[in-house]
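Please keep the sequence and the structure in view while reading.

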Amino acid sequence: MANDYEKYFIKPSIRDARKRKSQETPVIDFEKHFNIKGFGTGKTYKIETYGCQANEADTEKIKGILEALNFTESETLEHSDIILLNTCAVRENAENRVFGELGRLKQYKKNNPELILGVCGCMPQEEKVVERILKSFHYVDLIFGTHNIYKLPEYIETVVLSKEKVIEVFSEEGSIVENLPRIRANTRKAWVNIMFGCDEFCTYCIVPYTRGKERSRNKDDIIKEVKELIEQGYKEVTLLGQNVDSYGRDFKNTDYKFADLLKDLNKLPIQRIRFTTSHPKDFDLETVKVLSQGGNLMPYIHLPVQSGSNEVLKRMNRKYTKESYIELVDNIYKYIPNVSLTTDIIVGFPGETDEQFEETLDLVKYCKFEGAFTFIYSKRSGTPAEHYEDIISFDAKKQRLYKLNDIVNNGYLTGSKRFKGDIVKVLVDGVSKNNKDVLAGYTENNKLVNFKGDKTLIGEIVEVKITDAKTWFLKGEQVE
Ligand code: SAH
Ligand code: SF4
Ligand code: F3S
C-alpha cells in the first residue's frame, strides 16, 4: 500500500493559503464521492469540538458522514473506535487545550491500538501544527483540514486497510460541498452556512488562512435547506459566515446580497432567524432597514468592534473608524429600538497605548452593549501582526481585560434588567444546566431565561413573564 498511502501525505502551507484566485467556486456534490456505505458497522466514534459555530457545523457534517458509514456515536472515549478532535486555531490557548488533550489520549491508543485518532479543523491548516503533531504525537493516525471533510470515508478506509497515517490538508480551498449528510446537534435550532472562508485579513487573525477564500453558497441551496428544516420541525436558524454582510460579493452574474437573502428568508414560515458574524464595514443601512421589519428576524446583533481607537483599528486592518461604527450603532438603535447588541473586543493588541485602550472603554459605554466576548491579543504565526512590536506586559494586558470586563458585565446586567416585568417569548432548549427542576431557553433578544414548567415544553416557544434579572440570566414564570 506504500504508493497509495503516499498520495495521502499533503501538508499545509500558510503561504499558499494566503493566495486568492479569481476562479469561480466549483460546487461538489457529496453524493457522488460517497461509495463505502456500511464500513463502520458495529463500530463507534466520538468527536470533540473546539472553536466557533463554523466548527460546530462542521462537526455535524462529520457526524453525518460517519453515521452514513454506519458508525454510531459512543457515550465515552474509552469505547470509541474513532476519536476526532475538531480544532480551533484562533488563539494560542485554544491550541494548547488540543495539545493537552492529545497527550491525554495517548493512553487510549495504548489500551486499544486499533483506535483511529484524528485531528481536523483549523489547526491542521498550519504547517507548524502538523510538524508538532508528527514530532510529539506520533500516535495520531489521521490529519485533515477544513477543505476536505467530504473525503473522510476515503481517509478512514485507507487508515484501516493500510495501517498507515493519512495526512491530507489542502491549502487552497476552491469548493463548496453540497448534500453532505448531517447529524444536527439540536432538533429545533439549526446552523445554516451561507458562506465559507474570509477575505478580510484582519492583521491579528488566522481564520482567512485556515478557512480559505470567501465563497458564498448559492441562494437557492440556502433557501432549500431552510425549507427542509421547517419541514423537520425546526424553529430557529442561525445563518453562518465569518462576515455575513459580504454575502454574495463573490457572485459573478448577480448582485444578490445579504439584505436580499434576509428579505427572502423573512417570507418563510420559520419562527426565528439569526445570523453571525457581522462586519461593521459591510453592514449596510439596507440590512438595518430589512431587520427593522421584524417578524422572524430576531432583534439581536453581534457586531464585533475589536477596538475603539482609530489608530488600532487601522493597524488591525478593520477598514472602519470609531465614527463610522458609532454611526452604524446609532442607526441600528434608531431603526430597531428593541435590539440587543453584543460585540467582540481584543485588548493588548501590539502597541495599544493606555489612551487607546481608554477609547475602547468609552466606546463600549456609548454603544450600550448587552454582552461581549473579550480577549487578550494572542500572536498567530503567519499573520501580519506577528511582526508588530509588542511591548505591553502580559500583566498589563490582564489588567486591561479586567477593567473592560467590569464595564461589559455592567452592560449584561443593564441588558437583563430592562426585561423585568415584560412578557417574552422563550424557545425552550431543555432543563437548566444548574438546576434540573427548571427549564432553560432563549428569548428573541438572545437572553437566557430559567422558569418552572413541564418538560413537554422543550422545543416549544413559550410566553414567560420575567420576574427577576441577573447578570447572566433572567428568571420568569410561564404565562398560562
Ligand atoms: N469573523 C468573525 C469571528 C472571528 S474569530 C469576526 O470577524 O468577528 C472571533 C473573535 O476572536 C474575533 O472577533 C476577535 O475578537 C477574536 N480574535 C481573533 N483573532 C484573535 C487573536 N489573534 N487574538 C485574540 N483574539 C482574537
Ligand atoms: Fe478574522 Fe477579520 Fe475574517 Fe473575522 S473578519 S474571521 S476577525 S479576518
Ligand atoms: Fe477557530 Fe477556525 Fe472558527 S480558527 S474561530 S474554529 S474558523
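## The sheet of three strands

In what order do the 3 strands of the open sheet stand, and is their pairing parallel or antiparallel? The order is β15-β16-β17, and the pairing is parallel. Strands (E, at least two residues) and helices (H or I, at least four residues) are DSSP runs, numbered from the N terminus; two strands pair if DSSP finds at least two bridges between them. Because β15 (300-302) and β17 (372-376) stand at the edges with a single partner strand each, one side of each has no neighbour in the sheet. On average, neighbouring strands of this sheet are turned by 5 degrees against each other, direction ignored.

The parallel pairing of β15 with β16 (residues 340-347) runs over 3 bridges. His302 has Thr342 in β16 as its bridge partner. Helix α14 (residues 394-417) packs on the sheet and touches β16 and β17, where contact means heavy atoms within 4.5 Å. The direction of α14 makes about 175 degrees with that of β17; axes are lines fitted to C-alpha atoms, for helices over the stretch in contact, and angles run from 0 to 180 degrees between N-to-C directions.

## Basis of the model

The model is predicted: local features need pLDDT of at least 70 and side-chain atom pairs pLDDT 80 or more, while totals for chains, interfaces and linings use all residues. Residues are numbered from 1 along each chain as its sequence is written, chains are lettered from A and ligands numbered from 1 in the order in which they are written, and side-chain values use heavy atoms, leaving out hydrogens and water.

## The sheet of seven strands

Another open sheet has 7 strands in the order β1-β8-β7-β6-β5-β3-β4, with parallel pairing. Its edges are β1 (9-10) and β4 (72-73); each has a single partner strand, so one side of each lacks a neighbour in the sheet.

Strand β3 (residues 44-49) pairs with β4 over 2 bridges, and Tyr45 stands opposite Glu73 in β4. α3 lies across β3, β4, β5 (82-87) and β6 (116-121), at about 175 degrees to β3.

## The second largest cavity

A cavity is a set of points on a 1 Å grid over the protein atoms alone where a 1.4 Å probe fits but cannot get out; lining residues have an atom within 4 Å of a point. The second largest cavity is lined by residues including Leu291, Tyr300 and Val339.

Methods
1 Å grid on protein atoms, 1.4 Å probe; cavity = no way out; pocket = protein on both sides within 12 Å on 5 of 7 lines; lining within 4 Å.
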